[in-house]
Amino acid sequence: MNMITRRQALGLGSGVAAAIGLAACSSKPSSAPAAGASGAPGAAGPSGAPVALPTGTIDETYQGHRIQITVGTGGHHGVGMPVVKIDGNELHIMRNADNSWVTVVNHYETFPDPISAARAAVRELQGADLVPFTPKEAKL
Amino acid sequence: MTTVRKNQATLSADEKRAFVNAVLELKRTGIYDRYVNAHNWFLMNDDDFEDRIGHRGPSFLPWHRRFLLDFESALQRIDKNVSLPYWDWTQDRTPNSSLWASDFMGGTRRGRDGQVLDGPFGAQNGKWVLTVGVLTVGVDRRSYLRRGLGSGTPQLPTRADVDSVLAMPVYDMAPWNSSSNGFRNHLEGWRGINLHNRVHVWVGGQMTSAASPNDPVFWLHHAFIDKLWAEWQAKNPKSGYLPATRTAHVVDLNSVLSPWNNVTPADMLDHHRFYTFDTEAGGQQRY
């Protein structure tokens, strides 16, 4: 049986963010994303520092994979939370009480900010695609 | 017959085989993946600022005790002689441990991306597939079991680390989340020396993700966490589960635990009702 989360029930699902927040950059990265990692415009610099856009969003290429972060439009854990995508697939992210972050990929360690958490997820994924976080079954 | 949970390092070859076969049978029939999905669902929804049931709150321990009991019962429907072994990672703390040998968890041989290349849960055995087509019980599309065994963090907790946490006299305290002081949060690992979380990271691969039961060592790790709760209770007989009264967003002593909804933390406090550990003197005869 499919179950919806509390947040989806409250209308805070990620679909809203996908619809209004990412219209300008919703395409999948090209088949040669590694070029971005080697210093193409718009990618992370040699230091790995993200390119912060004026809107407060982040769009960088890290180890050949695109990380997009938009803030303030929604997300799985509510309005005001960042929406993080890796190669166009949403990465579930959650803020901890001490303002550190965890993701669905690294759910037992914390990171100081969303971009650190997203980069850790890229390292762990090694190019594998994330799957949508559709709750499947909570009953046993 | 009372279930006795044993240290995995002491299991006979027959006991290891029986446990592995029962786990593989649950996987084959699809029952296993219900546990993976349930864990994933709770871990992704447990929230420091909203409701939290399975993790980062006081019911972390009773929720997992019930979760393990449920799984152990499923195993025993396959083979009544099977019980959950525990992994004492303060003792068996290297990738060369017999735990990871090809007759048990496997993983002594691993590929560049951590793929487990030997043992009953390696992809080569054909019985442990995490993704079929577009259907997956993982968080990404990789279909095979992976582990890091020390690549994520170099050291497993020591017995001294464990003892420092067992010495904490208060079970849990406000704000009842990942920033709390007290035994539960230091055991779970969001604060301080970090026991439970660190072991997930040390194992790596699926164990670092919200779908961590995709690695069967999840059960052995949590059986030891459960044992540490029992050890803490024995050392701190005057300390009880907290909160004892209704508290926002968390499960108090007498409120029900989801997804079962017919069991409370109070029902979970005495593990002797359900099983004993091999270390308990006379424990096998207790009931």
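Student: What share of the 287 residues in chain B is buried?

Tutor: A residue is buried if 20 or more other C-beta atoms, placed from the backbone, lie within 10 Å of its own. In chain B, buried residues are 53% of the 287. This is a predicted model: local features need pLDDT of at least 70, side-chain atom pairs count only at pLDDT 80 or more, and totals for chains, interfaces and linings use all residues. Residues are numbered from 1 along each chain as its sequence is written, while chains are lettered from A and ligands numbered from 1 in the order written.

Student: Why does the radius of gyration of chain B agree with a compact globule?

Tutor: The radius is taken over C-alpha atoms, and the globule rule is 2.2 Å times the number of residues to the power 0.38. For 287 residues a compact globule would have a radius near 19 Å; chain B has 18 Å, so it agrees. Its C-alpha trace spans about 50 × 45 × 35 Å along the principal axes.

Student: How many helices and strands does chain B have?

Tutor: Both are DSSP runs: helices are H or I, at least four residues; strands are E, at least two. Chain B has eight helices and four strands. Along the sequence the pattern is β-α-α-α-β-β-α-α-α-α-α-β.

Student: What is the average pLDDT of chain A?

Tutor: pLDDT is the predictor's confidence in each residue, from 0 to 100. Chain A averages 67, with 49% of its residues scoring at least 70. Over residues 1–48 of chain A, pLDDT is below 50.

Note on methods
Two residues are in contact if their C-beta atoms, placed from the backbone, lie within 7 Å. A residue is buried if 20 or more other C-beta atoms lie within 10 Å of its own, exposed if 12 or fewer, and partly exposed in between; C-beta atoms are placed from the backbone.
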